[in-house]
Amino acid sequence: MKGKVCVITGATSGIGLEAAEQLGRKGARLVLVGRDPRRGDAALARLRAKLPDLEAELRYADLSSLGDIRRLATDLAAALPRIDVLINNAGAFFDRHELTADGLERTFALNHMGYYLLTRLLLEKVKAAAPSRIVVVASDAHRSATLDFSDLAGRRRTDGWTAYRRSKLANILFTLELAEKLAGTGVIANSLHPGFVATRFGDNSRRLGMRLLFGLSKRILAIPPARGAETIVYLAASAEPAASSGGYFAKCRETQPSAAARDRDAARRLWEESARIAGLDP
Ligand code: NAD
């Protein structure tokens, strides 16, 4: 990984920060994408304290905003001649139904459109680094979900879990279609489940009951962030996944996602609908 440029979203806490540290330890040059400058400074200070020779820089964006994703992508494309690894990781659960300024349900906007639009806008830079990789942090939460194409952007009121599960299904379908579109380019794309990990995930819930539930179950059941980051680092840096693209991984092994996550027609339709929402050519 020496000198390889790794762009990691959601890199200022949780699984993303741990993945950054593990990749930095392998010599990667890190571009950490965060949202909160205070947390960003703290994350970078923590990394530099552990890895004095680390090459790293911070960028900020609200990845639930299509305009901010475009601004970030323009800045990154101007600053970086190539991107060896793009890790789409920033994501969240929202327990209240809310629409963003773009009129998209917030979970869909951040967890799916954030990955989709940033990846599409940076694709030429990733291709320029081939052999290169795109890593997509999904979740086993996708297993009981199906997409609702009559309301893909989630404008109709749904509960937070339905929106979250659908967004993680969208991550896997997006990766499937991306891998197909990238066949023969030398760029591979794989998605993963990190495990149930003790991070800040769920701490933003507005309902006290939900925060308590997350807090308690994380304390009892969750693995530490360093372990949660292992499959990301495996897909980003190990030799073995080089032959595999479009797969879904857990515990550093390829595994079968749900039937809905293997539906190629849904993957194609999601790609096209997402392009329409983002104002891109499919
Ligand atoms: P976390 O809350 O610690 O980290 C989430 C990261 O996303 C943070 O760095 C945060 O700044 C960033 N983020 C959130 N909203 C953003 C926005 N609007 N714009 C830019 N960045 C934003 O949680 P985590 O557990 O490290 O989550 C990372 C990924 O792992 C998510 O995609 C999540 O869905 C996935 N995941 C987590 C678990 C788990 O058990 N923690 C399980 C499965 C999947």
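**Cavity, pockets and sheet**

The residues lining the largest cavity fall into four nonpolar, four polar and four charged (Ala, Val, Leu, Ile, Met, Phe, Trp, Tyr, Cys and Pro count as nonpolar, Asp, Glu, Lys and Arg as charged, and the others, Gly among them, as polar). The model is predicted: local features need pLDDT of at least 70, side-chain atom pairs count only at pLDDT 80 or more, and totals for chains, interfaces and linings use all residues. Residues are numbered from 1 along each chain as its sequence is written, and side-chain values use heavy atoms, with hydrogens and water left out.

A search of the whole structure returns one cavity of 30 Å³ or more (a set of points on a 1 Å grid over the protein atoms alone where a 1.4 Å probe fits but cannot get out, with lining residues having an atom within 4 Å of a point). The largest cavity holds about 130 Å³ of space, a volume being the space filled by probe spheres set on points joined across faces, edges and corners. Its lining consists of Glu105, Phe108, Leu147, Asp148, Asp151, Leu152, Gly154, Thr158, Thr162, Ala163, Arg166 and Ser167. Helix α5, residues 160–181, contributes the most to this lining, with four residues (helices, H or I of at least four residues, and strands, E of at least two, are DSSP runs numbered from the N terminus).

The open spaces come next. In the largest pocket there is about 940 Å³ of space (a pocket is an open set with protein on both sides within 12 Å along at least five of seven lines). Its lining comprises 43 residues, and Asn89, Ala90, Gly91, Ala92 and Phe201 lie nearest its centre. By class, 20 of the lining residues are nonpolar, 15 polar and eight charged. At least two residues of this lining come from each of α1 (14–25), β2 (29–34), α4 (106–127) and α5.

Phe201, one of the residues nearest the centre of the largest pocket, also belongs to an aromatic cluster with Phe93, Trp161, Tyr164 and Phe214. Across the whole structure, eleven aromatic pairs are found (ring centres of Phe, Tyr and Trp, the last by its six-membered ring, within 6.5 Å; planes under 30 degrees apart are stacked, over 60 edge-to-face and the rest tilted).

The second largest pocket contains about 190 Å³ of space. It is lined by 13 residues, with Lys4, Pro131, Ser132, Arg133 and Ala242 nearest its centre. Strand β5 (132–137) and helix α8 (230–237) are the elements that give two or more residues to this lining, whose residues comprise seven nonpolar, three polar and three charged. Pro131 is located in the loop between α4 and β5, and a cis peptide bond with omega of about 5° joins Ala130 to Pro131.

Strand β5 is also part of an open sheet of eight strands with mixed pairing, in the order β3-β2-β1-β4-β5-β6-β7-β8 (strands pair if DSSP finds at least two bridges between them).

Although Lys251 is not a glycine, its phi is positive, at about 50°.
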